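This briefing covers the aromatic side chains of one protein model. The model is predicted.

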Amino acid sequence: RKPTGSALSLVQACDPAIFRARSLGCHGLVSPRQDAQEKRNKAVSLTQVKPGGRPKKEGLVQNVTEALDTYDSIYVFRFDNLRASTLKALRMMHKEDRYFLGKNKIMQIALGRTPEEEPKDNLHKLSQHLTGTSGLFCTSRPRKQIVDFFKKYVETDYARSGTPATVTHIIPAGPLPFQHTMVDQLRKLGLPVMLKTGVVTCEREHKLCTKGVPLTPEQAQVLKLLDVKTCEFKIALVAVWENNNYTELSK
């Protein structure tokens, strides 16, 4: 049964949408300026985030939200083979900028997952790209400068166990650049070595790893001992938000 009379007035008074429209005096119509102000002041809920480490998650949301007012552009980037030392070097190069690496769901909440949640227009479109190994890069520098930098940026490092080998590496028969005290260690790592007149020598040609096949812990250790860096770290810019506009950079 539908409410009538005084009962209807009570229902309307308790309806937040009607109450808000009456308080604005515009019968539910909100100006763009008022809507933008409400988006900035919107409280972010973490109720859908798994429990544990709540202060850290709230801190990440707050930092990302503050960056939206500090920087002109926000990029989503993807990466592989990231090392702590590499990230530290990038942050040193871009001291005036800001990198965010954290749980994608938390950063999505900060940007907004829907038009209703976003603190600024079109941020929810950027939020959709936060999947897999991704992060946020905040800057006020020109887009061309940023795009050109990351196109050229490559860092190499030692491959880790479980990483697919990028090359087939063959150790030729003959002397190896190791101290004689390492013979037992090298044998445990699977190398056919022996001492010849005090020189560590590979007895025969030895295939250390095969391209595309995940490295074992022993293979990764030998590559490091040989100072062979096969792991490349690159950053791929996926999309950018600037001046309330969203642009996809790569698919």
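**Aromatic contacts**

Counting rings whose centres lie within 6.5 Å, the predicted model comes to 8 aromatic pairs. One of them joins Tyr 75 and Phe 137, with 6.2 Å centre to centre and 40 degrees between the planes, and is tilted.

Pair between strands

- Tyr 75 belongs to strand S1 (residues 73–79) and Phe 137 to strand S3 (residues 134–139), so this pair ties together parts that are 62 residues apart in sequence.
- Tyr 75 has a relative accessibility of 0% and counts as buried.
- Phe 137 also has 0% relative accessibility and counts as buried.

Stacked pair

- The ring centres of Phe 149 and Tyr 153 are 5.5 Å apart, and their planes meet at 25 degrees; planes under 30 degrees apart count as stacked, so this pair is stacked.
- Phe 149 counts as partly exposed, at 26% relative accessibility.
- Tyr 153, with a relative accessible area of 8%, is buried, because the cut-off for buried is under 20%.

Aromatic cluster

- One aromatic cluster includes Tyr 75 and Phe 137 as well as Phe 149 and Tyr 153.
- Phe 77, Phe 79, Tyr 99, Phe 150 and Phe 233 are also members of this cluster.

Charge over a ring

- Lys 229 lies over the face of Tyr 158.
- The distance from Lys 229 to the ring centre of Tyr 158 is 5.3 Å.

Technical notes: Residues are numbered from 1 along each chain as its sequence is written. This is a predicted model: local features need pLDDT of at least 70, side-chain atom pairs count only at pLDDT 80 or more; totals for chains, interfaces and linings use all residues. Side-chain values use heavy atoms; hydrogens and water are left out. Rings of Phe, Tyr and Trp (its six-membered ring) pair if their centres lie within 6.5 Å; planes under 30 degrees apart count as stacked, over 60 as edge-to-face and the rest as tilted. Helices (H or I, at least four residues) and strands (E, at least two) are DSSP runs, numbered from the N terminus. Buried means under 20% relative accessible area, exposed over 50%, partly exposed in between (1.4 Å probe, protein chains only). A charge sits over a ring if NZ of Lys or CZ of Arg is within 6 Å of the ring centre and within 35 degrees of the ring normal.
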